[in-house]
Amino acid sequence: MKLYHCKDARSLRPLWALEEMGLDYELINMTFPPRATYQGYLDINPMGTVPTLVDGETTLTESAGMCQYLAEKYGPTPLGLTVNDAGYGEYLNWLHRSDATLTFPQTLVLRYTQLEPEERRLPQVVADYSQWYLSRLRSVEHALEGNDFLVNNTFTMADVAVGYALYLGRSLGLDERYKPNCQAYLERLIARPAFIKAQSL
Ligand SMILES: N[C@@H](CCC(=O)N[C@@H](CS)C(=O)NCC(=O)O)C(=O)O
């Protein structure tokens, strides 16, 4: 398996998942944005986004989908729930929410605070989408009431996927506005040896 990665990008999700599962992989470390810096990347992933996971004939370009794929293809593992498990629906909901709802607004914050040149920065977009993200985070705060993890109070790929969204928020300075359950959850997740290893690569 080959994982195309940029430091601290969404590729940290599958990289962390690979480390949690103890799987073998080849890591291709690229400079962001790889469509401009890594020759031939658009042939591997025509969108030019990070991550890309290539496993034999299979190519995935969605980070939360990769976490699910790894658990299902290379499990069984307690990190992945399957259709007959209690909490399966919630688990899928978190996996999808992690990117579609929680990371998406942060990409606007990142773009209009850091990636665009000064003259194209948009403080109103930053303020609106920071608030958007923090409002959606209420779902996480609520799920963690009395729980250490999101589903069945057991660490799963849902925590990898959602945990990365919280970690990204920290890099944007949004964690100062996290509520106590989210703050403690993020600390718990980033103290895991597999996270520490993945983040260091
Ligand atoms: N939904 C995709 C989004 C991938 C994505 O947009 N990645 C960002 C980096 S974290 C990226 O490649 N941005 C550069 C671009 O869109 O050109 C996923 O979860 O993997």
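Val54 stands opposite Thr59 in strand E4. This pair belongs to a predicted model, in which local features need pLDDT of at least 70, side-chain atom pairs count only at pLDDT 80 or more, and totals for chains, interfaces and linings use all residues. Residues are numbered from 1 along each chain as its sequence is written.

Strands E3 and E4 (residues 58-60) are antiparallel, paired over 3 bridges. Strands here are DSSP runs of E with at least two residues, helices are runs of H or I with at least four, and both are numbered from the N terminus. Two strands pair if DSSP finds at least two bridges between them. E3 and E4 make a hairpin with 2 residues between them. Gly56 sits in that turn and has a positive phi of about 60°.

Now turn to another partner of E3. Strand E1 (residues 2-5) runs antiparallel to E3 (residues 52-55), and 3 bridges join them. Leu3 faces Leu53 across this pairing. Tyr4 stands opposite Thr52.

Next, the domains. The chain splits into domain 1 (2-79) and domain 2 (88-192). These bounds come from an automatic or database domain assignment. The two centres, taken over C-alpha atoms, are 20 Å apart. Where do the domains meet? 14 residues of domain 1 are in contact with 13 residues of domain 2, contact meaning that C-beta atoms, placed from the backbone, lie within 7 Å. On the domain 1 side, helix H1 (12-21) and helix H4 (63-74) each supply at least two residues. That side holds 8 nonpolar, 2 polar and 4 charged residues. Ala, Val, Leu, Ile, Met, Phe, Trp, Tyr, Cys and Pro count as nonpolar, Asp, Glu, Lys and Arg as charged, and the others, Gly among them, as polar.

Last, the ligand. Which residues are around the ligand? They are Ala9, Arg10, Pro33, Gly48, Thr49, Val50, Pro51, Glu62, Ser63, Ala64 and Asp99. A residue qualifies if its C-beta atom, placed from the backbone, lies within 6 Å of the molecule. By class, this shell has 5 nonpolar, 3 polar and 3 charged residues.

Definitions and conventions:
Two residues are in contact if their C-beta atoms, placed from the backbone, lie within 7 Å.
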